[in-house]
Amino acid sequence: INRNAIKMKHSLILVCLWFFSFVSSSSVSSEAIPVVTEFWPPYIYYNDEGEVSGALAEKVRRVLDHAAVNYKMEIYPWARAYDQALSKDSVLIFPLFRSKSRLKDFHFICPLTSKAELFFVKLSKRNDIIVNSIEEAKRYTIGLIRNDYIHELLLQHGFMDRKQLDVNADDLSSFRKLLKG
């Protein structure tokens, strides 16, 4: 796999919907606040005991434990986690790239990482694929995760679902399709 294509860097952010309302209600209620995320090893995964683990999950756990928040952390496909955060009250979601369009829906609490590199990836045996700009990328089909930051970004740049974008539930589905050609 060739990772020398277009790189983008953005901060990953811990996010919640209506954060202040649920923090105040969490001290009164014993109900656990849902914390949703995606499978993203080595940053987020289930350990041998079936608990959500990984570097980012542990950072979030430390913040919530320090704030004495009762929570239940779960891993879902990204689109499902994102939908839960948008449609239900008092749901924390992480990691989430901060963008102008997301500012109206989410309260961003704290950065989880300084920068994350994102790549367009192609099979190394495909020497005919050369992409040096977003416009050149429109000539190809790009597999990505539904409702993630890259999906949102490419739609803003004129890419279309089912034309240039092959939208999937997770990275593994995109990767399998990439290997099939």
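The following conversation goes through selected features of a predicted model.

Student: What should I know about the model before we start?
Tutor: This is a predicted model, in which local features need pLDDT of at least 70, side-chain atom pairs count only at pLDDT 80 or more, and totals for chains, interfaces and linings use all residues. Residues are numbered from 1 along each chain as its sequence is written, and side-chain values use heavy atoms, with hydrogens and water left out.

Student: Which residues touch the most other members of the largest nonpolar core?
Tutor: They are V35, I44, V52, V60, L64, M73 and F94, in a core of 15 residues. A nonpolar core is a set of buried Ala, Val, Leu, Ile, Met, Phe, Trp, Tyr and Cys residues joined through side-chain atoms within 4.5 Å. Buried means under 20% relative accessible area, exposed means over 50%, and partly exposed lies in between (1.4 Å probe, protein chains only).

Student: Which elements give two or more residues to this core?
Tutor: Those elements are β3, α2, β6 and β7. Helix α2 gives the most, with four residues. Helices (H or I, at least four residues) and strands (E, at least two) are DSSP runs, numbered from the N terminus.

Student: And M73, what is it in contact with?
Tutor: Leaving aside neighbours within four places in sequence, M73 is in contact with V35, V52, A57, V60, R61 and F94. Contact means heavy atoms within 4.5 Å.

Student: What does the second core include?
Tutor: The second core is separate and has 11 residues, including A81, V91, I93 and L96.

Student: Which residues of helix α3 are buried?
Tutor: In α3, which spans residues 78-87, the buried residues are W78, A79, A81, Y82, Q84 and A85. Their cover includes β3 (33-37), β7 (92-97), α4 (100-103), β10 (142-145) and α6 (149-156).

Student: New topic: which peptide bond is cis at P42?
Tutor: The bond from P41 to P42 is cis, with omega near 5 degrees. P42 is in the loop between β3 and β4 (45-46).

Student: Is P42 buried or exposed?
Tutor: P42 is exposed, with a relative accessible area of 54%. Not counting residues up to four places away in sequence, P42 touches G54 and A55. The C-alpha atoms of P42 and L56 are separated by 8.8 Å, and these two residues are 14 residues apart along the chain.

Student: Where does P95 lie, and what joins it to F94?
Tutor: P95 lies in strand β7. A cis peptide bond joins F94 and P95, with omega about -20 degrees.

Student: What is phi for A68, and where is A68 found?
Tutor: A68 is not a glycine, and its phi is positive, near 55 degrees. A68 is found in the loop between α2 (55-66) and β6 (71-75). A68 is exposed, with a relative accessible area of 68%.

Student: And N147?
Tutor: N147 also is not a glycine, and has a positive phi of about 70 degrees. N147 is placed in the loop between β10 and α6. N147 is partly exposed, at 30% relative accessible area.

Student: Switching to charges, how many salt bridges does the structure hold?
Tutor: It holds six salt bridges. A salt bridge is a side-chain nitrogen of Lys or Arg within 4 Å of a carboxyl oxygen of Asp or Glu. In one of them, the side chains of K72 and E74 meet at 2.7 Å, N to O. K72 is partly exposed, at 49% relative accessibility.

Student: What about R102 and E152, buried or exposed?
Tutor: Both R102 and E152 are buried. Their side chains meet in a salt bridge of 3.4 Å, N to O. R102 lies in helix α4 and E152 in helix α6, so the pair ties together parts that are 50 residues apart in sequence.

Student: Which residue forms a salt bridge with D166?
Tutor: That residue is K177, with the closest N and O atoms 3.2 Å apart. D166 is in strand β11 (residues 165-168) and K177 in helix α7 (residues 171-180), so the pair links distant parts of the chain, 11 residues apart.
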